[in-house]
Amino acid sequence: MNIPKRIAQSLINSLKGGVVPRTGLPYIAVGRKNEIDALLHDVDIVADGGASFRFIVGNYGSGKSFLLQTIRNYVMAKNFVVVDADLSPERRLAGTHGQGLATYRELVRNMATKTRPEGGALTLILDRWISSLQQQAMEETGLPVGDPGLPAATQRRIAKVVLSLNELVHGYDFARLLTLYYHACMDADDETKAKVVRWFRGEYNTKTEARQDLGINLCITDEDWFDYLKIFAGFLQQAGYAGMLVLVDELVNIYKIPNAITRQNNYEKMLTMYNDAMQGRSHYLGMIFCGTPQCMEDPRRGVFSYEALRSRLTEGHFTSSGEYKDLLSPMIRLQPLTREELLVLTEKLTGIHAVLYGYAPILTQEDRIAFLQVEFDRVGADSHITPREIIRDYIEVLDIIYQNPDLKVTQLLGSDQFSYAKTEVESQEAGEEFAEFTL
C-alpha cells in the first residue's frame with residue numbers, strides 16, 4: 001500500500017485507541033456509500049443557498065464519528081468551511097452556566113478549511129477575504145497597489161457585503177466589526193485585529209468590555225450564539241466559500257443531563273435550529289447531529305421526549321417496518337457493515353500495518369476470513385458487534401503476529417487467552433454502557 005508512514009501511524013494509533021483519525025480516512029473507508037450520497041445531496045442544496053439538518057443514529061462504535069469525518073473531508077474539498085464540536089457536560093446547546101456559548105466557542109475554534117484542515121482558520125479566512133476584496137478592486141479599477149484610490153474602491157466592495165448581512169439578526173454589529181477589521185488591517189493595527197477576532201470567537205463576557213474595546217454594545221451569549229452561526233454562514237458565502245457545515249457529535253451528553261428542565265431547554269434549542277433549516281430561515285448552512293438510538297428514542301429522556309421533535313422525526317408507516325430505509329428523511333440510521341465490507345477493511349488495515357512497521361503482509365485472505373468468523377461466532381454478534389470492536393481486535397492480532405513471527409494465526413484465534421481477553425473487554429464495555437444509561 002502506498003501510504004506515508006506518518007499517516008499510517010496516525011491511523012493505527014487512532015483506531016487502536018477507539019477514536020476516529022483526522023487524516024488518512026480514504027485509506028480505510030469502506031461502505032456507507034448510500035449514506036454519503038444522501039449527505040452530499042444536502043451539501044449541494046446548501047451550496048445553492050439552502051439549509052439542511054440531519055441526525056445520524058447508530059450504536060457506540062457503529063461508525064457515526066467516522067462518517068462525520070468522512071463528510072468533513074469531502075465538503076472541505078468542495079470549498080466549504082466546517083466547524084465541529086463534541087458535546088460534553090461543559091458544552092451543550094443551552095445551559096445556565098455558559099454551556100451553549102462554550103459549544104459556540106468550540107465550533108469556532110475548530111473552524112476548518114481545505115488549506116487549514118486542522119482548525120483555527122478564522123483569522124486566515126478574514127485575511128483572505130480582505131486580500132480578495134483588494135484584488136477585485138484592483139482588477140475593477142485598474143489601480144496599482146499603493147494607489148490612494150484603492151482603499152476607497154475596496155471599501156465600496158466591503159459595503160456590499162455589509163449590506164447583505166444587515167438584514168440578519170445582529171448582522172449590523174457583525175458587519176461593523178468586519179469593517180473595523182479591514183481598517184485595522186490597513187493601519188497594521190494588530191491589537192485591534194486581535195480584539196475583533198476575540199469577539200468573533202465569543203470570548204467577550206460582558207457588553208461593557210466589548211464596548212470599551214470595540215465600541216460594540218453587544219457580545220455573543222448563550223441565548224443567541226446560533227444566530228451568529230447563521231451570520232457566519234452568510235458571510236463565508238460572500239467571502240468566496242461554498243457555505244458552512246456544522247457537525248455536532250456525542251448527542252448522548254444531552255440525554256444524560258439529570259435535570260428535566262435543562263434537558264427540555266436543550267431540545268427546544270435543537271428544535272429552533274431544525275425549524276430554521278427546514279423552513280428556509282437559514283442559508284448556506286448545513287447541520288449534522290450524531291447520537292445513539294437510545295438518546296434519540298427514549299420517551300422519557302431522549303430527543304423523542306420533546307413532543308415537537310418526536311412528531312417531526314418519527315418514521316412513517318412505510319419505513320418503520322425495517323424492510324425499506326429512507327435516507328432522505330431527517331434521521332439516518334446506520335446499518336451494520338456487511339461481512340464483505342469488513343473483509344475489505346481488514347485487508348486495508350493489513351497493508352497499513354505492514355507499511356508502518358516495514359514488513360511484508362503476513363495475514364492471508366483465509367486468515368482474515370477466519371478472524372471474522374471468530375468475531376461473528378460470538379453470541380449476539382450479528383446484531384450488536386460494531387466496526388470499532390472488530391478494528392480494535394484485528395489490530396491487536398496484527399500486533400501480536402508481527403511481534404511473534406513463529407505464531408500461526410489459527411493458533412492465536414483458537415487460544416483461550418484470546419477468548420478470555422475478548423470476554424473481559426465485552427463485560428467491561430457492557431458495564432460502562434449500563435452505568436451511562438442509568439445516570
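## Basis of the description

In this report, a contact means heavy atoms within 4.5 Å of each other. The model is predicted: local features need pLDDT of at least 70, side-chain atom pairs count only at pLDDT 80 or more, and totals for chains, interfaces and linings use all residues. Residues are numbered from 1 along each chain as its sequence is written, and side-chain values use heavy atoms, with hydrogens and water left out.

Helices (H or I, at least four residues) and strands (E, at least two) are DSSP runs, numbered from the N terminus. For accessibility, buried means under 20% relative accessible area, exposed means over 50%, and partly exposed lies in between (1.4 Å probe, protein chains only).

## Buried residues within helices

T192 belongs to helix α8 (residues 190–200). With residues up to four places away in sequence not counted, T192 touches L180 and A184. The relative accessible area of T192 is 18%, so this residue is buried. The C-alpha atoms of T192 and D213 are separated by 8.2 Å, although the two residues are 21 residues apart along the chain.

Two further helical positions can be described in the same terms. Q69 is placed in helix α3 (residues 64–77) and is buried, with a relative accessible area of 12%. Residues up to four places away in sequence again being left out, Q69 touches V20, P21, R22 and L25. T103 lies in helix α4 (residues 99–109), where a relative accessible area of 1% makes T103 buried. Leaving aside neighbours within four places in sequence, T103 is in contact with A85, L87, R91, R92 and L93.

N166 lies in the loop between α6 (150–165) and α7 (171–186). This residue is partly exposed, with a relative accessible area of 30%. Not counting residues up to four places away in sequence, N166 touches G171, Y172 and A175. The C-alpha atoms of N166 and R176, 10 residues apart along the chain, are separated by 9.5 Å.

Two packed helices are described by the angle between their axes and the distance between the axes. Here, axes are lines fitted to C-alpha atoms, for helices over the stretch in contact, and angles run from 0 to 180 degrees between N-to-C directions. The axes of α7 and helix α10 (residues 225–238) come within 10 Å and cross at roughly 50 degrees. Angles under 35 degrees count as roughly parallel, over 145 as roughly antiparallel, 65 to 115 as roughly perpendicular and the rest as oblique; α7 and α10 are therefore oblique to each other. Their crossing is right-handed, a term used if the near helix is turned clockwise from the far one by less than a right angle, anticlockwise being left-handed. G171, F174 and L178 of α7 make the contact with Y228, I231, F232 and F235 of α10. The residues of this contact of α7 with α10 divide into 6 nonpolar, 1 polar and no charged. In this division, Ala, Val, Leu, Ile, Met, Phe, Trp, Tyr, Cys and Pro count as nonpolar, Asp, Glu, Lys and Arg as charged, and the others, Gly among them, as polar.

## The α15–α16 pair

Helix α15 (residues 339–357) and helix α16 (residues 365–376) have axes that come within 10 Å and cross at roughly 125 degrees. These two helices are therefore oblique to each other, and α15 passes α16 in a right-handed crossing. From α15 the contact involves R339, L342, L343, T346, E347 and T350, and from α16 it involves Q365, R368, I369, L372, Q373 and F376. The residues of the contact of α15 with α16 divide into 5 nonpolar, 4 polar and 3 charged.

## Loop residues with positive phi

Most residues other than glycine have a negative phi. N79 has a phi near 70 degrees, a positive value in a residue other than glycine. N79 lies in the loop between α3 and β2 (81–86) and is partly exposed, with a relative accessible area of 24%.

E250 also has a positive phi, of about 60 degrees, although it is not a glycine. E250 is found in the loop between β3 (244–249) and α11 (252–255). Its relative accessible area is 31%, so E250 is partly exposed.

## Cysteines

A disulfide is a pair of cysteine sulfur atoms within 2.5 Å, and by this rule the count comes to 0 disulfides. The sulfur of C295 is 9.6 Å from the closest cysteine sulfur, in C290, which is too far for a bond. C295 counts as buried at 1% relative accessibility, whereas C185 is partly exposed, with a relative accessible area of 21%.
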